[in-house]
Amino acid sequence: MSLWKRKVLTRSNRQTQIRTELDPADIVHKFAPTVYRHLKRIFGPQADVDDVYQTVFVEILRSLRAFKGEAHISTYIRRITWNVAYQEMRHNYRHKALTFLGDTEPHGSEHVDAEQRTDDHRNLHTVYAALAMLEPKQRTVVLMHDIEEHTLKEIAETLGRPNTTVASQLYAGRKQLSKLVHDKRCAREPFDHTATKHSKGKRGLS
Amino acid sequence: MKNHNERCSAIAPLLAEYVATTNNTLTPLQRESVQQHLGYCPACHHAHDVLHKGICSAKTAVFDVDAAHLHVLHTRLDPYIEYNRAPQQAGMGKILYWAGSMAAVAALVLVFTFTFDVWSWRQSPTHAISNVPIYPPPLVARVEPPGLVDIHTQKQELDTQTLERKQPFSSVRVLASTDFDGQISGSARSVAVRFSTGYAAFAFFGGHGRALKISMPHVVVEVVGTRLYASIRNDVSFVGVTQGKVRVVSAVAEVAIHAGEEFMILADGSMQALPQGAWARHADNIYLREYVPQKVHRKSAAHDQNSVIQRFAHAEDLVNSGQIMDGLALYNALSRQHAGSTLGAMARYEAARLVGLELGDIEAAKRSLRALARRAPHEIKQQAALALCEVAHADDVCDGLNCLQELQNNPHFDFNTQRQALHLRERWDNKRCTDNH
């Protein structure tokens, strides 16, 4: 194919084609399990992600017409998922009284099978509970880097932050996570939001 | 104990860094001290275990999805799905709305134009040039040079062999007899014609706000967008109008001449209307009707884009059908038109390949491609480098192969370009090169 065709013709045709081919119902059915699993990985196995899941799809459907086809649709959806999850983390961090329960079982754990009450399960819950205590910015970066194993560059692109900011947020997040898991201080007392906020200085999107 | 706690407070924040496999910022010294500390501190050891196992579990955890539960969630999403499908129908409604509005506006314009035409026809019936009867005017026959018109045989046709056609400015065209003695000049505000003798027909279309002023010895004709003719013979001037209206000013009189009318202006400035504008029809038939003013259409960006695509496609078709020179001319035109942009660079690239590979002018092609390889946008730059190798190969097989080899070894070229280079190397017959060397 000629160079001009690749650059001019293909791009305009592809965008038109993508817009006509994207059916909202198909998108929901095709990506529902992926998004649900992704949210579970972000918020933890015990978290109730139904509301966030719906918010993610409402946001996806709303912004589907703005999709230009420059990235793959799955990448686009993944990015929206992360952004919605980040907003949810911020909302929870501001408005909900978080308490870190350490090794104890989460609320409603009586329904969990006995087999699942293994060390791994407990550790998993502890890590997610500690992650939930982190500042949303640090939490997203730690989750994306240490659990989803994205590179710093990928995280920076997804979240729209500079590489150096992501690196420093990763460092601060790991430090805070280690302290929380080590001290388990919030098992005895409610987590002090102000302490974290003041220690990190200004809030808001970087 | 105090020391032990202090040690813990220093080590505990580093545990997640210690656990992390990538991007950990611990120095070897810190790593060693953490390792030693974990050996004797049960609290830190436990925290390390929790972090290590917890993060590993989170990485490898498989989260089951309950299809029934998802179905319930989807039923809640149905209104949103329907809402997001609805805009397509709403879009159609919007198109219909705009189409209706446009049709209404068009109808109004038509009605207005028709009303205006009827009104203006009643006001000035002389605009209908076709209704002007043609008489052989004796006065004109008297002043026109012999041979220019044969009045006696009633042919009433100007001899175009004796006429000169001129277009000194984009807005004015002049048909002048060979004995026309005068000059035409233009400025920002007007186009001025001065002449002392001869015959000239003028077609003048506005000239972007400029007026046409025709100065003759005894009279000045001011024109704003019309077609007329003027002649001077033996100190007698004639001005006839074929379309529109002109104002004629002499030392003693001022008159507006409408379409189809002709006036004779004598040396003392007095004016006299000729019976009917016989020459109006002639001027119109012979020359002025040829003048079709160019309309300037405002094109949208999308139209421009489509037009560019069509022109690229047309150029490619021309080349494929063997009309290399026509294709090259079109690519060159595109290159000039979009100079400095990606489109221009693409056109230059295609033109350079044609010149090198089809027309055999290797040096010219190389010059152009080298310039593109230095300055063009990224993708074109890479393709230009490849094309440079192709052109080199057309000249000398070994040069082409060496060029490709260099390109493959150059880390500045992206993966796709290097892959294309590899394909080319495989396709080209390198036996000739090895035989020669």
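Which two side chains, one from chain B and one from chain A, meet in a salt bridge at 3.3 Å, N to O? They are Lys59(B) and Glu149(A). Hello everyone, let me show you where they sit.

A word on the model before we go on. It is a predicted one, where local features need pLDDT of at least 70, side-chain atom pairs count only at pLDDT 80 or more, and totals for chains, interfaces and linings use all residues. Residues are numbered from 1 along each chain as its sequence is written, chains are lettered from A and ligands numbered from 1 in the order in which they are written, and side-chain values use heavy atoms, with hydrogens and water left out.

Back to our pair. By salt bridge I mean a side-chain nitrogen of Lys or Arg within 4 Å of a carboxyl oxygen of Asp or Glu. Lys59(B) belongs to helix H4 of chain B, while Glu149(A) is in the loop between H6 and helix H7 (152-159) of chain A, so this pair crosses between chains. Helices here are DSSP runs of H or I with at least four residues, and strands are runs of E with at least two, numbered from the N terminus. Lys59(B) is partly exposed at 27% relative accessibility, whereas Glu149(A) is exposed at 53%. For those words, buried is under 20% relative accessible area, exposed is over 50%, and partly exposed is in between, with a 1.4 Å probe and protein chains only.

Now the whole interface. In contact, meaning heavy atoms within 4.5 Å, are 53 residues of chain B and 50 residues of chain A. Together the chains bury about 4,800 Å², 66% of it on carbon and sulfur atoms; that is the accessible area (1.4 Å probe) that two parts lose on being put together, summed over both. Between the two chains there are two salt bridges.

How many salt bridges are there over all chains? The count is seven. One of them joins Asp146(A) and Arg174(A), at 2.9 Å from N to O. Asp146(A) lies in helix H6 (residues 136-147) and Arg174(A) in helix H8 (residues 163-183) of chain A, so the pair ties together parts 28 residues apart in sequence. Both residues are buried. Along with Glu17(B), they are linked in a network of salt bridges.

Let me finish within chain B. Arg247(B) forms a salt bridge with Glu254(B), their closest N and O atoms being 2.9 Å apart. Arg247(B) is partly exposed at 36%, and Glu254(B) is exposed at 53%.
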